[in-house]
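I'll jot down what I look up as I go.

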Amino acid sequence: MGGAKRAMEEQQDRFQMGLALCIEVDAIEECEHHPGTYYQSSADLDDVYKFANAGVSAGRIKLPDRMSRRDLTDAIKAAYEDNSGLDYCSSCDKIARS
Ligand SMILES: [Zn+2]
């Protein structure tokens, strides 16, 4: 596997990890009607950082090789910023308006 491809997959894995943490803390919610559609929920980004840091310290969250706490923070931020902004599902909203 080439280095570029591996780096891309690693990036995706990190993003997924960040997203999963955002969902666990309830900063991001997945629409129950539209799997794969995410939107902003009640918790703050800071809450996710705290949860993740505590989890790593407690050994509950295992960081993959070559991934630092800083990388995890970046991944959480990227996932949050990608899926926040709306506090409702845009697909459900479209259906409601049509
Ligand atoms: Zn929806």
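**Entry 1: a term before I start.** By a nonpolar core I mean a set of buried Ala, Val, Leu, Ile, Met, Phe, Trp, Tyr and Cys residues joined through side-chain atoms within 4.5 Å. Buried, in turn, means under 20% relative accessible area. I also remind myself that this is a predicted model.

**Entry 2: the core.** Which residues have the most contacts inside the largest nonpolar core? I found Leu21, Cys22, Ala27, Val48, Leu72, Ile76 and Tyr80, in a core of 20 residues. The elements that give two or more residues to this core are α1, α2 (45-58) and α3 (69-83). As a background note, nonpolar side chains in soluble globular proteins tend to be buried together.

I then picked Tyr80 and listed what it touches, skipping residues up to four places away in sequence. The list reads Cys22, Ala27, Ile28, Gln40, Ala43 and Leu45.

**Entry 3: the overall layout.** Next I stepped back to the whole chain. I counted four helices and two strands, and from the N terminus they run α-β-β-α-α-α. The C-alpha atoms fill a box of roughly 45 × 35 × 20 Å along the principal axes. Of the 98 residues, 31% are buried.

I also checked how far along the chain the contacts reach. Among contacts with a separation of 6 or more, 61% join residues 24 or more positions apart.

**Entry 4: α1 against α3.** How do the axes of α1 and α3 cross? They come within 7 Å and cross at roughly 70°. Angles of 65 to 115 degrees count as roughly perpendicular, so I wrote α1 and α3 down as roughly perpendicular to each other.

Then I looked at who meets whom. On the α1 side I noted Arg14, Phe15, Met17, Gly18, Leu19, Leu21 and Cys22. On the α3 side they meet Asp71, Leu72, Ala75, Ile76, Ala78, Ala79, Tyr80, Asp82 and Asn83. Leu21, Cys22, Leu72, Ile76 and Tyr80 are names I already had from the core.

**Entry 5: Arg14.** Is Arg14 buried or exposed? It sits in helix α1 (residues 3-25), and I read 14% relative accessibility, so Arg14 counts as buried. Leaving out neighbours within four places in sequence, Arg14 is in contact with Arg66, Met67, Asp71 and Ala75.

**Entry 6: Lys77.** I went to helix α3 for Lys77. Lys77 is partly exposed, at 36% relative accessible area. Its contacts beyond four places in sequence are Leu45 and Tyr49. I also took its distance to Leu19: the two are 58 residues apart along the chain, yet their C-alpha atoms are separated by 8.9 Å.

**Entry 7: the zinc ion.** Which protein atoms are the donors of the zinc ion? I have Cys31 (SG), His34 (ND1), Cys89 (SG) and Cys92 (SG), lying 1.9 to 2.3 Å from the ion. Their spacing along the chain is C-x2-H-x54-C-x2-C.

Why call the site tetrahedral? Four donors count as tetrahedral if all angles lie between 85 and 135 degrees. The angles here are 104 to 114°, which makes the arrangement tetrahedral.

Cys89 is buried at 5% relative accessible area, whereas Cys92 is partly exposed at 25%.

**Entry 8: Ala7, a distance check.** Ala7 is in helix α1 and partly exposed, with 41% relative accessible area. I took its distance to the zinc donor Cys31. Ala7 and Cys31 are 24 residues apart in sequence and 30 Å apart in space, C-alpha to C-alpha.

Entry 9: Most residues other than glycine have a negative phi. With that in mind I flagged two residues.

- Asp26 has a positive phi, near 75°, and is not a glycine. Asp26 lies in the loop between α1 and β1 (28-30) and is partly exposed at 33% relative accessibility.
- Arg66 is not a glycine either, and its phi is positive at about 65°. Arg66 lies in the loop between α2 and α3 and is exposed, with a relative accessible area of 59%.

Notes
Residues numbered from 1 in each chain as written. Predicted model: local features only at pLDDT ≥ 70, side-chain atom pairs only at ≥ 80, totals over all residues. Heavy atoms only, no water. Donors = N, O, S within 2.8 Å, 3.2 Å for Na, K, Ca; no water. Tetrahedral: all angles 85-135°; square planar, octahedral: opposite > 155°, others 65-115°. Buried < 20%, exposed > 50% of the residue type's maximum accessible area, 1.4 Å probe, protein only. Contact = heavy atoms within 4.5 Å. Axes fitted to C-alpha atoms, helices over the stretch in contact; angles between N-to-C directions. Parallel < 35°, antiparallel > 145°, perpendicular 65-115°, else oblique.
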